[in-house]
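Subject: Structure handover

Hello,

Please find the structure below. My notes on what was found in it follow.

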Amino acid sequence: MKFPGIKKDAKEEAPAAVAFEGNQPVNVIVVGPGNVGTPFLALAPGNPSGVQMVSVIRDAADLKGDLERFKPHIVLLSPEARNYHADLVYELTNNPDGPLAVVALAPPTGTFGQEMAQQGAVGFYTTPITTAIVEKFAAEARSLYDLAREKWHKPLIDSGVDRRTLESIGAQAYKTGVVTFWSTKGGDGKTVLAVNTACLLGLFAGKHVLLIDTDMNCGRVHLHLEVKPEQNTLFHLASDYMTNSNTLTGQILRRRVVSVDRIMDPRTKVVEPRLDVLFGLTDILQSSHPALKGEQGQAFMMALLDLAQRLYDFVLVDMGSNTQIGTHFGSLMSSDMVIFICSSDKSSLMPNRDTVKRLIQQADIAPDKFFMVLNRYDARDGLSPKDISEYMGMPLAAVVAEDTSREMMLAVNDGKPFVLSHLGKNNAAAEQTMHGLLAVAETIYPPMGQIITERSGGRGRRLFKAKK
Ligand SMILES: Nc1ncnc2c1ncn2[C@@H]1O[C@H](COP(=O)(O)OP(=O)(O)O)[C@@H](O)[C@H]1O
Ligand SMILES: [Mg+2]
């Protein structure tokens, strides 16, 4: 745990294993029968190619020890190796200790090459291995490893959710749009739910997501992600809008958003960012600046959301509680869906109901875009989710339990969203909270339900125990 602005211990920040910098040699293990492995000895340590064989073995059963010892970047794997088995490629590419590229050394007949590619191998060479193939491999090794880095995401690996499930979730077409997280009381969980849902949809489901912090009472999203907002804020964009005769373009917006994909794990190579963030106000005085005040603020917010929903699959808005503020009101008006957050606390429920009722009557906001999420739920509070949903007159989309294990609080204080480290095995309390967060994401993007199904089925294969 650390306080905002205080840098972590450098040791703690360094990736645990398999760091890979520009001219560091690429370490390779070959696993296969003698005639397949021996030609690669041309790449003995110290050769000038920058690619070196650190171990040549015949038996796949020896791999585990060698991986720990040599921490290779690439495994050249022949299905003719002793003790080769059908799941091996999958297990290696899901190595929890860091990205690992598996390259198949496939016989010219049979379908091994295709099967291994399906399991995650990033390339293959056909045997017999000639000098030309060894040279080709030496030239391609770095880009093969980079391919593995693109596919390797630590939280995904630790979750045990099959990568193919995630790819199929990401590939499904579904209604997209602007989703606002709102409640009328501070502390109900608008920010925490918006941030975690953005991570689930962007970093896990691979949707293209923009998270916007519009809380006029100062933004807090940057604290949840441990990023300094600098000039990448709503205030800066609102000023751009005003000086540009009240127009926004994709180029202006792109200049102000920050891609946060690398928070997953710096060892992952990000080619196509999935999660962009526009941070919130850093000084409360900015909220009374003409660029954000009253009707100007509302027009800006509506223009921003109109543009953003054309550029992203999902635009998630972390809103402040007060609807009488132009920017907040503009968010509600421009939303396709409002995730309305309540807690089972009378002081949250009563004002929530009254405010929504008035808003729907007076501002012509469609009631059917409201979905209720009961956050911080604890059965000891004396109100049932069903009663609360009836009282609110809104469908209950999800119940997110109060995480009594305090891991949610710890995640906030660590600046690493809870879902990044809780998609795998959890204690009972954190698991209930995790389940609720997945249900929120499923409300917005139903294919996410596949993760819920897969997790409850307890599937997932791995060679090693995941480390957190
Ligand atoms: N389900 C939950 N379980 C445990 N703690 C929670 C939960 N939801 C929210 N919290 C805690 O409450 C704090 C306040 O939530 P936050 O998202 O900032 O509320 P809001 O944005 O509505 O003011 C969070 O930082 C988190 O520590
Ligand atoms: Mg908030």
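The model is predicted.

**Ligand 1**

The shell around ligand 1 divides by class into five nonpolar, seven polar and six charged residues. In total, 18 residues surround the ligand, and the closest are Gly189, Lys190, Thr191, Val192 and Asp403. Three elements each supply at least two residues of this shell: α9 (190-204), β12 (370-377) and α17 (407-414).

**Domains**

The protein chain is split into domain 1, covering 10-152, and domain 2, covering 163-457. Their centres, taken over C-alpha atoms, are separated by 41 Å. Nine residues of domain 1 and six residues of domain 2 form the contact between them. On the domain 1 side, the residues that touch domain 2 comprise four nonpolar, two polar and three charged.

**Helix packing**

Two packed helices are described by the angle between their axes and the distance between the axes.

α9, which also supplies residues to the shell around ligand 1, packs against helix α19 (residues 428-444). The two axes come within 9 Å and cross at roughly 70 degrees. Angles of 65 to 115 degrees count as roughly perpendicular, so α9 and α19 are roughly perpendicular to each other. α9 passes α19 in a right-handed crossing. From α9 the contact takes Leu193, Asn196, Thr197, Leu200 and Leu201, and from α19 it takes Leu437, Leu438, Val440, Ala441 and Ile444. By class, this contact has eight nonpolar residues, two polar and no charged.

Helix α11 (residues 234-243) and helix α13 (residues 294-311) have axes 10 Å apart, at an angle of about 100 degrees. α11 and α13 are therefore also roughly perpendicular to each other. Leu237, Ala238, Tyr241 and Met242 of α11 meet Gln296, Phe300, Ala303 and Leu304 of α13. Seven of the residues in the contact of α11 with α13 are nonpolar, one is polar and none is charged.

α13 takes part in a further pairing, with helix α14 (residues 326-334). Here the axes are 7 Å apart and the angle is about 35 degrees. The crossing of α13 and α14 is right-handed. On the α13 side the contact is made by Gly294, Glu295, Gly297, Gln298, Met301, Met302, Leu305 and Asp306. On the α14 side it is made by Gly326, Thr327, Phe329, Gly330, Ser331, Met333 and Ser334. What is the division of this contact by class? The contact of α13 with α14 has five nonpolar, eight polar and two charged residues.

**Backbone details**

Two points in loops may be of use when you go through the backbone.

The peptide bond from Thr127 to Pro128 is cis, and its omega is near 5 degrees. Pro128 sits in the loop between β5 (123-126) and α6 (131-151).

Asn246 has a phi near 55 degrees, which is a positive value in a residue other than glycine. Asn246 belongs to the loop that runs between α11 and α12 (250-256).

Regards

Technical notes: Residues numbered from 1 in each chain as written. Chains lettered and ligands numbered in written order. Predicted model: local features only at pLDDT ≥ 70, side-chain atom pairs only at ≥ 80, totals over all residues. Near = placed C-beta within 6 Å. Helix = DSSP H or I, 4+ residues; strand = E, 2+ residues; numbered from the N terminus. Nonpolar A, V, L, I, M, F, W, Y, C, P; charged D, E, K, R; others polar. Domains from an automatic or database assignment. Contact = placed C-beta atoms within 7 Å. Axes fitted to C-alpha atoms, helices over the stretch in contact; angles between N-to-C directions. Parallel < 35°, antiparallel > 145°, perpendicular 65-115°, else oblique. Left-handed = near helix turned anticlockwise from the far one by under 90°.
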